[in-house]
Amino acid sequence: MAILRIPDENRLLKGYNEIRNYLSNIGIDYERWEPLEDVSTETSSEKILSAYAKQINELKTRGGYVTADVIDVNHNTPGLDSMLAKFNIEHRHEEDEVRYIIDGRGLFHVHPQNRPVVAIEVEAGDLIRVPRGTLHWFDLCSDMRIRAIRLFQDTSGWTPHYTHSGIDTRYEPVCWGPRYIPPQNAAAK
Ligand SMILES: [Fe+2]
């Protein structure tokens with residue numbers, strides 16, 4: 001289950017409906033799809049795409065996505081630092097950013113117009129759609145691990161348009177670092 005924080009209001013949302021409704025109001029789609037039992041950390045990308053073919057096809061129909069792949073990032077990923085440096089700066093895309101998390105965790109910051117920035121910590125089973133044009137950035141958590149199905153409307157793949165606003169530097173990735181409060185120790189508001 002995702003965790004949603006609104007740092008500027010010192011709020012933490014943990015319930016599914018609460019998170020889904022809050023995100024819906026800022027244009028972000030969030031759903032839970034329980035992970036398939038026959039998919040493990042050892043399952044190849046090809047088998048993951050095959051195992052989730054039904055769900056992927058449903059998403060393609062829903063959002064006009066034409067391709068899907070599996071991104072697999074961990075401590076040993078070559079060029080990890082430079083890869084993360086592309087993700088963790090405020091940017092937008094000309095297509096939706098759709099991720100279904102297979103393994104690991106990650107942190108999306110979304111910067112809606114006229115609303116406070118939200119930090120969405122996602123884990124296995126979370127499906128998130130950040131619509132085209134939405135300002136956002138992404139960090140890994142302290143376990144430096146994420147595996148996710150990505151869907152694209154454009155076959156050219158992931159293309160960011162950076163804002164260079166610097167706002168991302170004001171929000172520490174909350175799923176690691178000295179201010180991180182594990183969810184079980186944080187009071188839900
Ligand atoms: Fe992005």
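## Terms and model

A residue is called buried if 20 or more other C-beta atoms lie within 10 Å of its own, exposed if 12 or fewer do, and partly exposed in between, with C-beta atoms placed from the backbone. The model is predicted: local features need pLDDT of at least 70, side-chain atom pairs count only at pLDDT 80 or more, and totals for chains, interfaces and linings use all residues. Numbering starts from 1 along each chain as its sequence is written.

## Exposed residues with positive phi

Histidine 164 is exposed because 9 other C-beta atoms lie within 10 Å. Its phi is positive, about 55 degrees, although histidine 164 is not a glycine. The residue lies in the segment after strand 11 (161–162); strands (E, at least two residues) and helices (H or I, at least four) are DSSP runs numbered from the N terminus.

Asparagine 10 sits in the loop between strand 1 and strand 2 (11–13). Phi is positive here too, near 50 degrees, in a residue other than glycine. Asparagine 10 counts as exposed, since it has 8 C-beta neighbours inside 10 Å.

Isoleucine 128 is in contact (C-beta atoms, placed from the backbone, within 7 Å) with Ile28, Asp29, Tyr30, Arg99, Phe108, Ile120 and Val122, leaving out residues up to four places away in sequence.

Methods
Two residues are in contact if their C-beta atoms, placed from the backbone, lie within 7 Å.
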